[in-house]
Amino acid sequence: MLRIVEPGLSTTVQDTGRYGHYHIGMPPSGAVDQYAHRVANFLVGNEADAATLELTYTGPEVVFEEEGLVAVCGADMDPSLDGEPVPTWTAVRVAAGQTLSFEFATEGARAYLAVDGGIDTEPVMGSRATYTLIGVGGHEGRELEAGDELPTGATEADGLEGNSVDAAHVPDYGAETSIRVVMGLCDYRLTEDGKETLLDTEWTVSNEADRVGYRLDADVDIQGLFVEREQPFGAGTDLTNVVDLGYPVGSIQMAGQPIVLMRDAVTGGGYATVGTVISPDRSTLAQGRSHETVTFEPVSVEEALTAREDWTARLDRLREELLG
Amino acid sequence: MSGSGIERQSLSTPRYEYGGDDHVFVELSESMSFTANFKAQAITKEVRARDIPGIIEVAPSNASYLLHFDPEVVHPDTLIDRLRDIEAGIDLTAYTWEARVLDVPVLYDDPWTRETLMQFRERHQDPEATDLEYSARINGFSGPEEFIEAHAGAPHMVTMVGFVPGLPWTFQMVPRDQQIEVPKYVQPRTETPSRAVGFGGAFTAIYSVPGAGGYQLFGRTPVEVLDVDQQLSAFADSMVLPNPGDIINFRRVDREEYDRIRDAVEANDYEYNIGHIDFEPEEFFEHPSEYTDRITEVLD
């Protein structure tokens, strides 16, 4: 069992997501950086879908009631165990009663704390992912608070202590990130110049960049990127409006500014979506911090599929190495 | 008005679009129509029935649909080929379904949405009027009374569920020339009470949870469309009540009835009034007024 002493800025239980309910308006939730989440699990002997804690900018202070194995991957929050620094991307043994604490992230925005056996809260609709909007999953459907106690699953993770990930597999969270995008969806609504502007602009991650969406700022008149038209019946009067439709996770919605939809996003609405961030790069974007720079790099769907295959193969290899 | 039918729309070729490496979005029409919506429902029903390997989510929307899939199991182009196949085989004239008819009481011009809309007047097209007064005027009604009569005067089809869990988009079951159309707020509100009944574009929505919103606010219903803990009997099978293809009858109630229903809902002791009808689009298109009268009659 874990006991939360200080909750950190926004700490939630997350996993690989809750699927099969998009048509009733339920987004998948789950760890927004699936790479760091999965590697953290492999390090402590878990499968990818075990639940971890997602820490945002500032991690919590956690007491371990029992001995166990932990790993912290993702943003660098300088974790320490009873005041002694511990390495990240590494399986670390903790003794009963020890306290793990974190500093403000120096690089990246989100870290994942995995424990052997996984965070063992009750699954809701097949997942432990927290979806705070309607209060389902995780611990009481909400961000963790001081005093919360979280059960962990049983394991026999022997011999994994000290395991770590080769430096080549530790991402560098730079302040300038290029994110690959497959243009499409309703990009016919943009002029050719409008598309170029979207792709040529250095966007700044705004202060509103969270599990719901990454709002991007730049001195760009969004209306001016759109093709003039007489709006179709039911779409609403604004040029950026379409007849309300479903939004893919990762899509770029043009609602006064580009908003990349993350894993707790609205599932549909009436703003034109003009492209989709490819699945591996959604994890990369989730490490983007407010005021950092993001540019979009257009790729074909074949390039997107290859990138996805590479990402999956890399995680499969890491799983093989770490779990055997 | 009984003479006027609903024109079937001839839709252009669907637009198949990649959503990154793991979604396909299919737009059946840029404009809203029953034809486009019924086609989205018919296709997605068939997609589910075929149980295509790799498909993770199937989400019909107003005039389009969205699929989420595992590209390690199915290539998007293979999937699109199968979707074209399904589309070619759909005969909308033969597409019927058993529709639930849901009674949704509404206190129009209620004190809660009125307080909200007054707070956000500077974000509205017409800061001097209420949302009801504005919507009545631009749709050619004499005032809110006549407008409310029209909104509650014919049932509405649920054409999409989403945005947030349980929120239905509904499209009124009247010919195009009687459809209400209103723009969304110039700038969205940061607040909307839950159970608010709002209108944007050609759609009525019921806000299942409190939050931001840009639809014009007309009233509030005492009943829930989302019950996360599934305490109310109507939610035994799902935490969400409305599904695409259901029909909602917005029924005007007074404050006394609103309070009575709300008390029962809060005590988890409210029995929703739900009827059933074998919905036949062709008959509805031919004689919408007579047909929707029959629909509302299935409610007690």
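**Where the domains meet, and beyond**

Modeller: The C-alpha centres of domain 1 of chain A and domain 2 of chain A lie 29 Å apart. Keep in mind that this is a predicted model. Domain 1 of chain A covers residues 2-172, and domain 2 of chain A covers 176-311. Their contact draws 18 residues from domain 1 of chain A and 12 residues from domain 2 of chain A. Look at the domain 1 side. There, α1, β5 and β10 of chain A each supply at least two residues. The most comes from β10(A), with three residues. By class, that side of domain 1 of chain A has nine nonpolar, seven polar and two charged residues.

Now take one of those elements, helix α1(A). The helix spans residues 34-43 of chain A, and 10 of its 10 residues are buried, so the rest of the structure largely encloses it. The buried residues include Gln34(A), His37(A), Arg38(A) and Asn41(A). Tyr35(A), Val39(A), Phe42(A) and Leu43(A) are buried too. What do they pack against? Four strands are partners: β2 (12-14), β3 (52-56), β5 (68-76) and β10 (107-115) of chain A. Two helices are partners as well, α3 (279-285) and α4 (301-323) of chain A. Past the helix comes Gly45(A). Its phi is positive, near 90°.

Next, the strands of chain A. Six of them form an open sheet in the order β7-β6-β9-β4-β1-β11, with antiparallel pairing. The edges are β7 (84-85) and β11 (149-150) of chain A, and each pairs on one side only. Inside that order, β4 (61-64) and β9 (99-101) of chain A run antiparallel and are joined by two bridges. One bridge partner in β9(A) is Thr99(A), which pairs with Val63(A).

Another strand to pick out in chain A is β16(A), residues 251-254. In a regular strand, side chains alternate between the two faces of the sheet. Here, Ser251(A) and Gln253(A) point one way from β16(A). Ile252(A) and Met254(A) point the other way. All of these residues are buried. β16(A) has a partner in β19 (273-277) of chain A, running antiparallel and joined by two bridges. Across that pairing, Gln253(A) has Thr273(A) as its bridge partner. β16(A) also pairs with β17 (258-261) of chain A, in the antiparallel sense, over three bridges. Here Met254(A) stands opposite Pro258(A). β16(A) and β17(A) make a hairpin with three residues between the strands. In that hairpin, Gly256(A) takes a positive phi near 80°.

Now step across to chain B. The contact between the chains takes 46 residues from chain B and 41 residues from chain A. β3(B) gives the most, with five residues. Sorted by class, the chain B side has 26 nonpolar, 13 polar and seven charged residues.

Chain B also shows how two helices cross. The axes of α4 (131-138) and α5 (144-153) of chain B come within 9 Å and cross at roughly 80°. α4(B) and α5(B) are therefore roughly perpendicular to each other. Which residues of α4(B) and α5(B) meet? From α4(B) come Leu132(B), Glu133(B), Ser135(B) and Ala136(B). From α5(B) come Pro144(B), Glu146(B) and Phe147(B). The residues of this contact divide into four nonpolar, one polar and two charged.

Last, a single residue of chain B. Ala42(B) sits in helix α1 (34-50) of chain B. Is Ala42(B) buried or exposed? The residue counts as buried, because 23 other C-beta atoms lie within 10 Å, and 20 or more is the cut-off. Leave aside neighbours within four places in sequence, and Ala42(B) is in contact with Ile90(B), Leu92(B) and Tyr95(B). Ile90(B) is 48 residues from Ala42(B) along the chain, while their C-alpha atoms are separated by 7.2 Å.

Methods
Residues numbered from 1 in each chain as written. Chains lettered and ligands numbered in written order. Predicted model: local features only at pLDDT ≥ 70, side-chain atom pairs only at ≥ 80, totals over all residues. Buried ≥ 20, exposed ≤ 12 C-beta atoms within 10 Å, placed from the backbone. Contact = placed C-beta atoms within 7 Å. Domains from an automatic or database assignment. Nonpolar A, V, L, I, M, F, W, Y, C, P; charged D, E, K, R; others polar. Axes fitted to C-alpha atoms, helices over the stretch in contact; angles between N-to-C directions. Parallel < 35°, antiparallel > 145°, perpendicular 65-115°, else oblique. Pairing = 2+ DSSP bridges.
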